[in-house]
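Here is a friendly briefing to read with the model open beside you. We begin with charged pairs and then move on to the rest of the fold.

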Amino acid sequence: MHPLVLAEGPARAAPLHALASDHLEGALRQPEGQRADVVIAIDKSSSMAGDLAETTEAAARLIGKLRADDRVEVFAFDSAIHMLHPLGAVADTAALQASIR
C-alpha cells in the first residue's frame, strides 16, 4: 500500500473544503480489492473561525464517500489534539459525521 498525497507545495495549506472536489473524491478510488487509508486533521484554532463550518462539512461529506473496507482517522486540534475516530473502519457513518459537524 502506498500513501496517497492529495496536495503538494502551496496547496498543502489549503483547507479541506478547498480540496474536497472531484479530484479528491477521484483520488479515493482505489483499484478493486485495495482499501484507502484516510487521515483527516481539522484545525479548530481561532484562525479557522471563518472556515470551520465549511471544513467540517467537507470532512463529513468525504467520510460519506468512503467504502466499507476503507479506514479513516479523524482528529481535531487547537491548543490540544482531540481524537474523533482512531484509524479503522467506520461502523456508524452518520454518528461520525455528526461528531465532526
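In this predicted model, arginine 67 forms a salt bridge with aspartate 70, and their closest N and O atoms are 3.5 Å apart. A salt bridge here is a side-chain nitrogen of Lys or Arg within 4 Å of a carboxyl oxygen of Asp or Glu. Local features need pLDDT of at least 70 and side-chain atom pairs count only at pLDDT 80 or more, while totals for chains, interfaces and linings use all residues. Residues are numbered from 1 along each chain as its sequence is written, and side-chain values use heavy atoms, with hydrogens and water left out.

- (Buried means under 20% relative accessible area, exposed over 50% and partly exposed in between, using a 1.4 Å probe and protein chains only.)
- Salt bridges that share partners also join Arg35, Asp37 and Arg71 into one network.
- How many salt bridges does the structure hold? The count is 5.
- (Helices are DSSP runs of H or I with at least four residues, strands are runs of E with at least two, and both are numbered from the N terminus.)
- Aspartate 37 also forms a salt bridge with arginine 35, where the closest N and O atoms are 3.1 Å apart.

**The loop between α3 and β2**

- Alanine 68 is found in the loop between α3 and β2.
- Alanine 68 is exposed, with a relative accessible area of 76%.
- The C-alpha atoms of alanine 68 and arginine 35 are separated by 8.8 Å, although these residues are 33 residues apart along the chain.

**Helix α3**

- Helix α3 covers residues 52-64, which is 13 residues. From its first C-alpha to its last, α3 reaches 18 Å, close to the 18 Å expected at 1.5 Å a residue. (The expected span is 1.5 Å times one less than the number of residues.)
- The buried residues in α3 include Thr55, Thr56, Ala58, Ala59, Ala60, Leu62 and Ile63.
- Take threonine 56, which has its place in α3: its relative accessible area is 11%, so this residue counts as buried.
- What does threonine 56 touch, not counting residues up to four places away in sequence? Its partners are Ile42, Ile100 and Arg101. (Contact means heavy atoms within 4.5 Å.)

**Helix α4**

- In helix α4 (residues 93-100), the buried residues are Leu96, Gln97 and Ile100. They cover an arc of only 100 degrees around the axis, which puts them on the same side of α4. (The arc is that of the directions from the helix axis to the C-beta atoms.)
- The face of α4 turned away from this buried side carries the exposed residues Ala94 and Ala98.
- The buried residues of α4 pack against β1, α3, β2 and β3 (81-88).

**Aromatic pair**

- The structure holds 1 aromatic pair. Phenylalanine 75 and phenylalanine 77 form this pair, which is tilted, at 6.5 Å centre to centre and 45 degrees between the planes. (Rings of Phe, Tyr and Trp, the last by its six-membered ring, pair if their centres lie within 6.5 Å; planes under 30 degrees apart count as stacked, over 60 as edge-to-face and the rest as tilted.)
- Phenylalanine 75 is buried, with a relative accessible area of 18%, whereas phenylalanine 77 is partly exposed at 29%.

**The whole protein**

- The secondary structure comes to 4 helices and 3 strands, and from the N terminus on the elements run α-α-β-α-β-β-α.
- Buried residues make up 30% of the 101 residues.
- Among contacts with a separation of 6 or more, 57% are between residues 24 or more positions apart.
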